[in-house]
Amino acid sequence: MDESKIQNFNHLKIHSQYSICEGAIKIDELKDFSKDRKIRSLSLCDTNNLCGALEFAEKISKVGTQPIIGTQINFKYEDTMGLLPLYALNEVGYKRIIELSSLSYLDNDELSDPHLDFNQILLKNDGVSIFSGTINGLFGRLFDKGKFTEIKELYLKLKSKFGDRFYLEIQRHGDQNELGFEKFNLTKSLELDVPLIATNEVFYLDKEMHEAHDALICIKNKTYINEKNRIKLSNQH
């Protein structure tokens, strides 16, 4: 890929150090990276919080990069829970994703992971854009369970509420089951007339960080590096 195309691609799934035991990017490092490469815009999409949003917006904008604020929140549908990315398109949307992020903690007991019922996102969504998420997100987990009819129904609900602010994500990290999920989403995009968007889950800035990040993922999931049956990501993050 030539340099001009790289600079025209806007990363919308940056995970900073505020994505606990997941992201490994410091905001200051991201600021310098953006300045050196003259990146036009970036989106912070930390998991289960917006703690880095203000720092990100202030520092990134000072180097000429447009900040886009997002977050990933766990949503539960029947017996399946997983992340969905939300983005603020304006001030109204920013306030709404703050509200949803807070409710994901306040509406649950201390033993549960922060999450919301899926129907919560359908109630009020002005100024918010939503993506379908990764193979490890809500729809990815439903896909792994073979609940294809349910996914289609939920996609239709999101389309009816969000209109052109709902996108099906295509990702190519080389992670397990990713290709099958991509083919499914390509088919549903044509069938349901829902636009596609290409994203990449960015957890670190240097490819040499892969092994260290793999250890971080093990800490998060309380597993060991030598375990065969654990979540293991490719080095394309």
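Where is I135 found? I135 sits in the loop between β6 and α6 (138–144), where helices (H or I, at least four residues) and strands (E, at least two) are DSSP runs numbered from the N terminus. The model is predicted, so local features need pLDDT of at least 70 and side-chain atom pairs count only at pLDDT 80 or more, while totals for chains, interfaces and linings use all residues. Residues are numbered from 1 along each chain as its sequence is written, and side-chain values use heavy atoms, with hydrogens and water left out.

**View 1**
Neighbours within four places in sequence aside, I135 is in contact with G140, R141, F143, D144, Q176, N177, E178 and F181; contact means heavy atoms within 4.5 Å. I135 and I170 are 35 residues apart in sequence, and their C-alpha atoms are 9.8 Å apart in space.

**View 2. The chain as a whole.**
Nine helices and eight strands make up the secondary structure of the chain. The radius of gyration of the chain is 17 Å, close to the 18 Å that the globule rule gives for 237 residues, so the chain is as compact as a globular protein of that length. This radius is taken over C-alpha atoms, and the globule rule is 2.2 Å times the number of residues to the power 0.38. The C-alpha trace spans about 45 × 45 × 40 Å along its principal axes. Of the 237 residues in the chain, 48% are buried. Among contacts between residues at least 6 apart in sequence, 71% join residues at least 24 apart. The chain has an accessible surface of about 12600 Å², and 51% of this belongs to carbon and sulfur atoms (Shrake-Rupley method with a 1.4 Å probe; for residues, only the protein chains shown count as cover).

**View 3. Aromatic pairs.**
A pair of aromatic rings is described by the distance of the centres and the angle of the planes. The whole structure holds 10 aromatic pairs. Rings of Phe, Tyr and Trp (its six-membered ring) pair if their centres lie within 6.5 Å; planes under 30 degrees apart count as stacked, over 60 as edge-to-face and the rest as tilted. The ring centres of Y77 and F118 are 6.4 Å apart and the planes stand at 75°, so this pair is edge-to-face. The pair links distant parts of the chain, with Y77 in strand β3 (residues 66–77) and F118 in the loop between β5 (116–117) and α5 (120–123), 41 residues apart. Y77 and F118 are both buried. In the pair of Y87 and F131, the centres are 4.6 Å apart and the planes are at 40°, so the pair is tilted. Here too distant parts of the chain are linked: Y87 belongs to strand β4 (residues 80–88) and F131 to strand β6 (residues 128–131), 44 residues apart. Y87 and F131 are buried. Ring pairs also join Y77, F118, F139, Y155 and F166 into a cluster.

**View 4. The nonpolar cores.**
The largest nonpolar core has 43 residues, of which L86, F118, I121, F139, Y155 and L158 touch the most other members. Such a core is a set of buried Ala, Val, Leu, Ile, Met, Phe, Trp, Tyr and Cys residues joined through side-chain atoms within 4.5 Å. Helix α7 (residues 148–162) gives the most to this core, with five residues. Beyond its neighbours within four places in sequence, L158 is in contact with F118, I121, L122, I130, F139, G163 and F166. A second, separate core of five residues includes L12, C45, F131 and I197.

**View 5. The two sides of helix α2.**
I27, L30 and S34 are buried in helix α2 (residues 27–37). These residues cover an arc of only 55° around the axis, which puts them on the same side of α2; the arc is that of the directions from the helix axis to the C-beta atoms. K35 and D36, on the other side of α2, are exposed. The cover over the buried residues of α2 includes β1 (11–14), β2 (41–47) and α3 (53–61).

**View 6. Positive phi at K38 and E78.**
Most residues other than glycine have a negative phi. K38 is not a glycine, yet its phi is positive, about 50°. K38 lies in the loop between α2 and β2 and is exposed, with a relative accessible area of 63%. E78, in the loop between β3 and β4, has a positive phi near 55°. The relative accessible area of E78 is 53%, so E78 is exposed.

Methods. Buried means under 20% relative accessible area, exposed over 50%, partly exposed in between (1.4 Å probe, protein chains only).
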